Amino acid sequence: VLRYLARTENRWIVFLQGHGERHISGKANFDWGVFGNKLTQNGYKVQNIDLKTNPFIPDNTAALVIASPQTKLNNKEIAIIDKYIADGGNAFILAEPNEYEGINPLVQPLGVEFYSGTVRDPNAEVLYKIQDNTFAVTPKYPEHPITNKLNNVSIFPKAAAIKTPEVVGDYTVTKIIETLPQSWTVPQNVKITSLSQLKNLKVSGPLTLGVALSKKGQKSNNEQRIFIAGDGDFLSNQFIGNGSNLPLGFGIIGWLTNDDDFVTIPPRTIADKELNLTVYTAAIFELGFKIIAPIILLLCGVIIHIYRKVRK
C-alpha cells in the first residue's frame, strides 16, 4: 500500500501486442498475468497497444515493453518504435532463442545482436538440481540499481545469449544478467559430428542474457533507459516464482521508469507452486501411491471383512 501511495505520478507501462507477444493479463503459462497483477498492485498502470490499429505510442508512456514477439513487426510499426526511442523513450525488449528476427531492426541500431542457439548451463543441474541444462542460472549480479537487493539465483529457461558491444554512441552499456563460465551455446540446427567441430562452433560463458543501456535524455533531466533480454520466460506465469525472478523483473521496470528510489524495495515474493523432485524421490512417491497404498487399503478391507465374519 505504501509503495502504491508513494507514486504520485502515473507510471504507464505499455505492452506491445499483435505479434504473439506475452499478454500482461493472460493466464497461460507463456503469459505475464501474474507479473501484470503485481505491477498494478504496486502503483503502475498497464496498457496493451496494437500499432496496427492504434499507430502511435502515448506521450505519457513511462516504458514500452516488447515481450518476445513471434512474428515480424511491419515497417510502419518499426518506424513508430524507432521514433519513440529516438525521442528518448524507455523500452524493455525481450527475445527468445532463434525468434528475434522481429526485433532485430530495433536492437541492431543499438549495437545488440543475439547468438544463434539456446544457452546450455550444466550449473543448473550440478548446483540447483534442475534436470534440464537449457535452464540458465545467474547467482551473481553487478552493482546496479536493478540488482542491489537481489540475493538469490535467477533462472532463465531456454535463453538466447547476447553479443554485447562495449560502446554504443552516447549510451552506457552494463551487463546485468550473466551466466557462469561453464555455460555455453552453439548455433541452432547445426549437426555436431566431432569434438573439433564442437570446439570451433561453441561459444563459452560467461554469456550475457540481459543488458542495460542508458544515456542522458535530450528533453529532460531523466536518463533514457533501455533493457534488452534474451529470455521472456523468466517473468512468465510458469517461472516468475522461481528464485529472484520477480524482484529482478521489478528492478528492471523500476529502473526503466526512473523510479530509482523504489527499485530497492523488493516486492513480496511468490510462494513456490511447483514440487521439484529427484528421480529417486519421484520413484518412491510413485511406488507408494501406485502400489504400497493400494495394497494397504486392500489389506485393511480384507481384515475388516474377516473381522465382521468372525463377529457374526
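What percentage of the 312 residues of the protein count as buried, and which residues have the most contacts inside the largest nonpolar core?

Reply: The model is a predicted one. Of its 312 residues, 46% count as buried. The secondary structure comprises nine helices and 13 strands. Where contacts link residues at least 6 apart in sequence, 71% of them join residues at least 24 apart.

The largest nonpolar core contains 37 residues, and Trp32, Phe35, Phe92 and Phe227 are those with the most contacts inside it. At least two residues of this core come from each of several elements, including the strands β1 (11-16), β3 (61-67), β4 (91-94) and β13 (223-229) and the helices α2 (33-41) and α7 (245-256). Helix α7 supplies the largest share, seven residues.

Phenylalanine 92 shows how these parts meet. Leaving aside neighbours within four places in sequence, Phe92 is in contact with Trp32, with Leu64, Val65 and Ile66, with Phe227, Ala229, Phe234 and Leu235, and with Ile252, Ile253 and Leu256. Apart from this core lies another, of 32 residues, among them Ile78, Ala91, Ala160 and Ile226.

Nonpolar side chains also occur at the surface. Leu287, Ile291, Ile292, Ile295, Ile296, Leu299 and Ile303 form a nonpolar patch there, with about 640 Å² of accessible area together. One of these residues, Ile295, lies in helix α9 (residues 279-311). Ile295 counts as partly exposed because its relative accessible area is 45%, a value between the limits of 20% and 50%. The protein as a whole exposes about 16800 Å², of which carbon and sulfur atoms supply 54%.

Notes: Residues are numbered from 1 along each chain as its sequence is written. This is a predicted model: local features need pLDDT of at least 70, side-chain atom pairs count only at pLDDT 80 or more; totals for chains, interfaces and linings use all residues. Side-chain values use heavy atoms; hydrogens and water are left out. Helices (H or I, at least four residues) and strands (E, at least two) are DSSP runs, numbered from the N terminus. Buried means under 20% relative accessible area, exposed over 50%, partly exposed in between (1.4 Å probe, protein chains only). Contact means heavy atoms within 4.5 Å. Accessible areas come from the Shrake-Rupley method with a 1.4 Å probe; for residues, only the protein chains shown count as cover. A nonpolar core is a set of buried Ala, Val, Leu, Ile, Met, Phe, Trp, Tyr and Cys residues joined through side-chain atoms within 4.5 Å. Patches are made of residues with over 30% relative accessible area and no salt bridge: like charges are joined within 9 Å, nonpolar side chains (Val, Leu, Ile, Met, Phe, Trp, Tyr) within 5 Å. A salt bridge is a side-chain nitrogen of Lys or Arg within 4 Å of a carboxyl oxygen of Asp or Glu.
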